[in-house]
Amino acid sequence: MSHPLEQLRDDALLEIESAGDEQEVEAARVKYLGRSGSISAWGEQMKTLAKEEKPIVGKLLNEVRNAVTAAIDLRAQQFRSQKETGALGKIDISLPGATGPIGYSGYSGYSGHLPLERGSLHPLTQMLERSIQIFRRMGFALADGPDIEDEWHCFDALNTPPEHPARNEQDTFYLPDGQLLRTHTSTVQIRTMQSAPPPIRVISPGAAYRRDELDATHSPQFHQIEGLYVDENVSIADLKGALEFFMRELFGAGTEVEFRPHYFPFTEPSLEVYVKSKALKSGEQWIEVAGSGVVHPAVFEQVNKARGDKAYDPEKWSGYAFGLGMDRLAMILFDIPDIRLFAQNDLRFLKQFA
Ligand code: DAH
């Protein structure tokens, strides 16, 4: 004679098998497995059984519960996939899209078909990716720092005295709490050296901010690629070699590079970098693309003070640094006449670089 639990299982399986829709499957689940369902009731009843009966009935109860659960899951899954195929069957996937770009809600009253357009990278992003690839081949890693900075990282640590014009409120965006929008990416030099001992070889692309009037060549927000290399016996020859290589990779083998003496508080000597390339539409003229120089010992001393050690001993370590104007490089590379185009989001402009 079969155990009542086996009878219960057979009833349940039959009921599940003959369920006509998801609701009926759900009803069976509640009836047999629900908190007051009949299988659960058997669990309660276990307590009242004799000691030698318990393991036998317990095992059977488990088997029954597993069989019923599996049958319910399977039947529910069958109904779900039936519903999906039914829905998909009505869709002709060969039709063109009926909406614009993803997330686009459409013109009011528009009922035609707009093809989905493929996006492309912004010219600044393309320039950046090319640049990163070139620097990677020279062993540079990527570093990062915040756009909102403190005066120490932006100026003091970079050997820029309190009376320096760059610190002026006419030039720098100060926030009410005394912090500022970084005026250059050189801040990341300091942050990188604070967080790791030499040798260091990093580039750091990002935005910088100055209170400039917006015109064809100036924007209050622009972009730079900062570079820092610190090691033993780094010289100005290494700096020139690295930047020449970079410019020729970016603008073509025939590109001429010139270094002109300049002044920056955080480098000594300091150089401005100019390029001239026949391959460029702008043609035969020298264009300034970067500031650079040999890291000033005072910068290392500031970093040491902040670190509380002598990791950047200027007697032992030397380095070079540079700041490339990203917008300027992209304008030269792609022959873009106006820096404002980068931020205007005009598809007629952006599509030319797709
Ligand atoms: N921070 C400078 C600027 O924004 C550019 C620069 C010059 C960066 C010399 C450097 C450097 O790292 O060594 O004008």
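These are legends for a set of close-up views of one predicted model.

Residues are numbered from 1 along each chain as its sequence is written, and side-chain values use heavy atoms, with hydrogens and water left out. Since the model is predicted, local features need pLDDT of at least 70 and side-chain atom pairs count only at pLDDT 80 or more, while totals for chains, interfaces and linings use all residues.

**View A. Helices H2 and H3 side by side.** The axes of H2 (residues 22-33) and H3 (residues 38-45) come within 4 Å and cross at roughly 10°. That makes H2 and H3 roughly parallel to each other (angles under 35 degrees get that label). Lys31, Tyr32 and Leu33 of H2 make the contact with Ser38, Ile39 and Ser40 of H3 (contact means heavy atoms within 4.5 Å). Axes here are lines fitted to C-alpha atoms, for helices over the stretch in contact, and angles run from 0 to 180 degrees between N-to-C directions. Helices (H or I, at least four residues) and strands (E, at least two) are DSSP runs, numbered from the N terminus.

**View B. Lysine 31 pairs with glutamate 15.** Their side chains meet in a salt bridge at 3.0 Å, N to O (a side-chain nitrogen of Lys or Arg within 4 Å of a carboxyl oxygen of Asp or Glu). Lysine 31 sits in H2 and glutamate 15 in H1 (residues 4-17), so the bridge ties together parts 16 residues apart in sequence. Lysine 31 is partly exposed at 43% relative accessibility, and glutamate 15 is partly exposed too, at 30% (buried is under 20% relative accessible area, exposed over 50%, partly exposed in between, with a 1.4 Å probe and protein chains only).

**View C. Glutamate 149 reaches arginine 191.** This salt bridge spans 2.6 Å, N to O. Glutamate 149 belongs to strand E2 (residues 148-149) and arginine 191 to helix H7 (residues 187-195), 42 residues apart. Glutamate 149 is buried, with a relative accessible area of 0%, whereas arginine 191 is partly exposed at 27%.

**View D. Threonine 267 in strand E7.** Threonine 267 is found in E7 (residues 267-276) and is buried, with 2% relative accessible area. Leaving aside neighbours within four places in sequence, threonine 267 touches Ser292, Gly293, Val294, Val295 and His296.

**View E. Arginine 340 with aspartate 338.** The closest N and O atoms of this salt bridge are 2.9 Å apart. Arginine 340 counts as partly exposed at 31%, but aspartate 338 as buried at 17%.

Notes:
Angles under 35 degrees count as roughly parallel, over 145 as roughly antiparallel, 65 to 115 as roughly perpendicular and the rest as oblique.
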